[in-house]
Amino acid sequence: LEPLRKAGMDPDPYVRKTAAIGMGKLFHQNRKLFTEQGFLTNVIRMLSDHYPVVSSNAAIVLAEVTSSGGVGCELTDEHLMKLINAVPDGTEWAQCHLLETVATFAHVLKDP
């Protein structure tokens, strides 16, 4: 598990993207281990990544975790604003997943 955790903090965005996918696979294989080892925190941290390829894959994993009755989580308005700001730089595929995550957690956003 430590290599997966380290990959989530690697300097290369494609390694971090792959780590996000790996965390999603870990969730599907062993939810208890995913939860006990704190990988949800890593996924949420990856939502704020500067590279849309990383944040969009983290958004997909978060959507899978929350929609499959896994662990619940709350995002801050800061997380959501970073996702919104990443939309223009992402691929069409990434944009869809970023916007879907924002829509799912939009109740967090505060009125200005």
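How many salt bridges does the structure hold? There are four, counting a side-chain nitrogen of Lys or Arg within 4 Å of a carboxyl oxygen of Asp or Glu. Keep in mind that this is a predicted model, where local features need pLDDT of at least 70, side-chain atom pairs count only at pLDDT 80 or more, and totals for chains, interfaces and linings use all residues. Residues are numbered from 1 along each chain as its sequence is written, and side-chain values use heavy atoms, with hydrogens and water left out.

View 1. H2 covers residues 13-29; helices here are DSSP runs (H or I, at least four residues), numbered from the N terminus. Its 17 residues reach 24 Å from the first C-alpha to the last, close to the 24 Å expected, the expected span being 1.5 Å times one less than the number of residues. Pro 13, Arg 16, Ala 19, Ala 20, Met 23, Gly 24, Leu 26 and Phe 27 are the buried residues of H2. Buried means under 20% relative accessible area, exposed over 50%, and partly exposed in between (1.4 Å probe, protein chains only). Looking down the axis of H2, the buried residues fall within an arc of 160°, so they line one face of the helix; the arc is taken from the directions from the helix axis to the C-beta atoms. Over on the other side of H2, Tyr 14, Lys 25 and Gln 29 are exposed.

**View 2. What H2 packs against, and its cap.** The buried residues of H2 pack against H1 (2-7), H3 (31-36), H4 (39-46) and H5 (52-67), with contact meaning heavy atoms within 4.5 Å. At the N-terminal end of H2, Asp 12 does the capping: one of its side-chain oxygens sits 2.8 Å from the backbone nitrogen of Tyr 14.

**View 3. The Arg 16 to Asp 49 salt bridge.** These two side chains meet at 2.7 Å, N to O. The pair ties together distant parts of the chain, with Arg 16 in H2 and Asp 49 in the loop between H4 and H5, 33 residues apart. Both Arg 16 and Asp 49 are buried.

View 4. Glu 2 and Arg 5 are three residues apart in H1, so about one helical turn separates them. Glu 2 is partly exposed at 42% relative accessibility, while Arg 5 is buried at 17%. Glu 78 and Lys 82 make another salt bridge, with the closest N and O atoms 3.5 Å apart. Both lie in H6 (residues 77-86), four residues apart, or about one turn of the helix. Lys 82 is partly exposed, with a relative accessible area of 37%.

View 5. Two aromatic pairs turn up in a search of the whole structure; rings of Phe, Tyr and Trp (its six-membered ring) pair if their centres lie within 6.5 Å, and planes under 30 degrees apart count as stacked, over 60 as edge-to-face and the rest as tilted. Phe 27 and Phe 34 are edge-to-face, 5.3 Å centre to centre with 75° between the planes. Phe 34 and Phe 39 are stacked, at 6.3 Å and 25°. Together, the ring pairs link Phe 27, Phe 34 and Phe 39 into a cluster. Phe 27 is buried at 1% relative accessible area, and Phe 34 is buried at 0%.

Notes. Helices (H or I, at least four residues) and strands (E, at least two) are DSSP runs, numbered from the N terminus. A polar contact is a pair of N or O atoms within 3.5 Å; within protein, one must be able to donate a hydrogen and the other to accept it, and residues adjacent in sequence count only if both atoms are side-chain atoms.
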